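Trainee: I would like to go through this model with you. Could we begin with the contacts of charged side chains and then move on to the core and the sheet?

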Number of protein chains: 2
Amino acid sequence: MQKLSGYAPLDDVDASHLAAACSSTIDVRADVDLIREGDEPGPVFVMLEGWACRYKMLPEGGRQITAILMPGDFCDMHVAILDRMDHSIATLTPAKVARIGPRRLEALMEDHPTIARAFWWTQLVDEAVLRAWIVSIGRRDAYHRVAHLLTELWARAFSIGRINADTTEMPLTQTEIADACGITAVHANRILKQLHEEGLIAIKKRLLTVANPAALAAAAGFDDNYLHRTLTRGRRPDGRGAVLR
Amino acid sequence: MQKLSGYAPLDDVDASHLAAACSSTIDVRADVDLIREGDEPGPVFVMLEGWACRYKMLPEGGRQITAILMPGDFCDMHVAILDRMDHSIATLTPAKVARIGPRRLEALMEDHPTIARAFWWTQLVDEAVLRAWIVSIGRRDAYHRVAHLLTELWARAFSIGRINADTTEMPLTQTEIADACGITAVHANRILKQLHEEGLIAIKKRLLTVANPAALAAAAGFDDNYLHRTLTRGRRPDGRGAVLR
DNA sequence: CGCGTTTTTGAAGCCCCTCAAGTGTAGTGG
DNA sequence: CCACTACACTTGAGGGGCTTCAAAAACGCG
């Protein structure tokens with residue numbers, strides 16, 4: 001499980017301390033709010049098993065999911081600094097969750113700089129993912145948004161060793177995919193159908209099969225740079241934009 | 001200027017150290033990339049004067065702005081942890097920018113916990129703003145997106161003392177507003193026209209006038225909770241969603 | 001004054017939403 | 001074993017918000 005915090009190489013001592021901090025766990029049903037918008041931030045959560053999501057409700061009744069949390073993911077540290085939660089977090093499946101109190105977290109980061117560094121790394125990656133979502137929702141059509149989301153989830157599942165041959169768990173309902181992509185459930189259904197007809201994906205019983213991940217990524221216009229590699233450079237199409245110095 | 005880092009109350013010593021770190025500044029023209037996607041992260045930037053934005057280009061040529069940087073804003077610390085920038089940062093106006101090297105930043109945070117805390121605070125607020133943008137772009141129509149953006153910029157201008165009576169600087173072009181809201185420049189124009197006709201805003205010569213900020217905020221469905229206050233609670237409309245415990 | 005950029009306005013069309021109904025699949029309890 | 005309920009998923013038809021294409025008017029700067 002803590003292989004995920006293997007962003008910075010953790011030695012055995014660090015790893016064991018981390019594991020110890022996560023030793024007290026609770027089991028939660030699906031569709032339970034771990035914390036709600038407006039609440040005072042409490043303990044930090046760590047997903048050990050199962051999925052969750054960050055989301056915000058609109059007064060008119062719509063919901064927008066802003067992040068998907070998979071096993072190994074954190075619900076950010078240092079939320080303790082803020083006075084109120086600006087969003088809610090809910091389980092999407094039955095889940096096993098570890099809770100780390102603010103005090104203990106503080107001590108953990110103080111005593112183990114490597115762990116602290118790994119934490120900040122995940123924080124920055126989370127932010128990069130948020131930016132990628134903004135781009136996806138703001139500038140891509142529904143087809144590419146859905147393909148992009150599935151590709152991201154696939155890549156993340158891969159990085160935590162959850163791909164079995166060409167299949168992985170995908171517990172999101174079509175409504176949840178829609179809420180993440182900023183479209184309606186009806187339209188999400190049509191897009192998924194199209195992706196299926198094109199032979200890019202197959203979803204059966206909460207299992208996602210992708211015969212050719214590269215093809216899906218290509219169709220999505222996926223750029224795995226935001227989880228980090230080099231990228232094509234070049235000026236903006238309008239010819240503007242010199243580089244500093 | 002450093003009043004912005006007055007998130008956590010900084011004493012005079014901290015403030016002077018912070019000011020010292022920002023003492024070496026450079027002047028940059030408008031439309032210059034401070035750093036580009038794919039670059040190795042260099043020094044951290046602090047906006048002293050002028051505006052900038054984070055953005056990502058799409059292969060097809062579109063641009064999505066993911067954040068607006070105003071005087072006092074940072075371009076996140078600890079980017080040094082990441083190997084490559086996942087987005088670019090460009091000035092929107094002529095600007096005065098301070099650069100703080102990774103080493104100096106590290107020392108500053110090490111020696112002054114209060115400053116470090118203020119930095120993390122800004123980091124978390126930035127993330128909250130990203131989430132608010134996702135909600136806006138994903139679930140609101142163009143009218144509300146634009147109104148929401150203007151309200152946010154107004155609120156931020158207010159918090160750094162840049163509101164003069166009922167007017168503030170608003171150097172964004174309509175194309176830039178469109179790139180931030182995920183719409184076209186043509187449509188942004190029509191929305192702005194509508195907001196003007198409704199008497200909510202007036203833009204002249206890069207100056208934004210808002211006679212009744214509360215009315216604009218109401219029209220935008222703006223919830224200043226994400227810069228922190230309490231909020232209406234309640235179950236989700238589908239009746240799901242119990243609270244933990 | 002002249003040129004590039006920004007803003008403005010019109011017209012046509014498509015992507016996606018809304019409304020609506022119907023199918024499929026579990027789980028529940030008689 | 002089979003109603004009965006509750007969701008998740010499907011599919012169709014119609015409409016509207018936003019885009020695309022195009023072109024003209026209004027700035028702003030050297």
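**Charges, core and sheet**

Mentor: Arg63(A) lies over the face of Tyr55(A), at 5.3 Å from the ring centre. A charge counts as sitting over a ring if NZ of Lys or CZ of Arg is within 6 Å of the ring centre and within 35 degrees of the ring normal. Please note that this is a predicted model, in which local features need pLDDT of at least 70 and side-chain atom pairs count only at pLDDT 80 or more, while totals for chains, interfaces and linings use all residues. Residues are numbered from 1 along each chain as its sequence is written, chains are lettered from A and ligands numbered from 1 in the order in which they are written, and side-chain values use heavy atoms, with hydrogens and water left out.

Trainee: And in chain B, what does the charged end of Arg63(B) sit over?

Mentor: The ring of Tyr55(B), with 5.4 Å to its centre.

Trainee: What is Arg63(A) linked to by salt bridges?

Mentor: Arg63(A) belongs to a salt-bridge network with Asp179(A) and Arg139(B). A salt bridge here is a side-chain nitrogen of Lys or Arg within 4 Å of a carboxyl oxygen of Asp or Glu.

Trainee: How many salt bridges are there over all chains?

Mentor: The structure holds 20. One of them joins Glu127(B) and Arg131(B), at 3.4 Å from N to O.

Trainee: Are those two buried or exposed?

Mentor: Glu127(B) is buried at 2% relative accessibility, and Arg131(B) is buried at 3%. Buried means under 20% relative accessible area, exposed over 50%, and partly exposed in between (1.4 Å probe, protein chains only). The two residues stand 4 residues apart in helix α3 (residues 113-139) of chain B, so about one helical turn separates them. Helices (H or I, at least four residues) and strands (E, at least two) are DSSP runs, numbered from the N terminus.

Trainee: Which residue forms a salt bridge with Glu49(B)?

Mentor: Arg162(B), with the closest N and O atoms 2.9 Å apart. This pair links distant parts of the chain, 113 residues apart: Arg162(B) is in the loop between α4 (142-159) and β9 (167-169) of chain B, and Glu49(B) is in strand β3 of chain B. Arg162(B) is partly exposed at 32%, and Glu49(B) is partly exposed at 36%.

Trainee: Changing topic, which residues have the most contacts inside the largest nonpolar core?

Mentor: Ile68(A) and Ile68(B), in a core of 92 residues. Such a core is a set of buried Ala, Val, Leu, Ile, Met, Phe, Trp, Tyr and Cys residues joined through side-chain atoms within 4.5 Å. A second, separate core has 32 residues, including Leu108(A) and Leu105(B).

Trainee: What is Ile68(B) in contact with?

Mentor: Beyond its neighbours within four places in sequence, its contacts (heavy atoms within 4.5 Å) include Trp51(B), Leu92(B), Trp133(B) and Leu172(B).

Trainee: Finally, in what order do the strands of the open sheet in chain A run?

Mentor: The 4 strands follow the order β1-β8-β3-β6, with antiparallel pairing. Two strands pair if DSSP finds at least two bridges between them. Strand β1 (residues 25-28) of chain A pairs with β8 (residues 95-100) over 4 bridges, and Asp27(A) stands opposite Lys96(A). On β3 (residues 44-49) of chain A, which pairs with β8(A) over 5 bridges, Met47(A) stands opposite Val97(A).

Trainee: Which strands stand at the edges?

Mentor: β1 and β6 (74-75) of chain A do; each has a single partner strand, so one side of each is left without a neighbour in the sheet.
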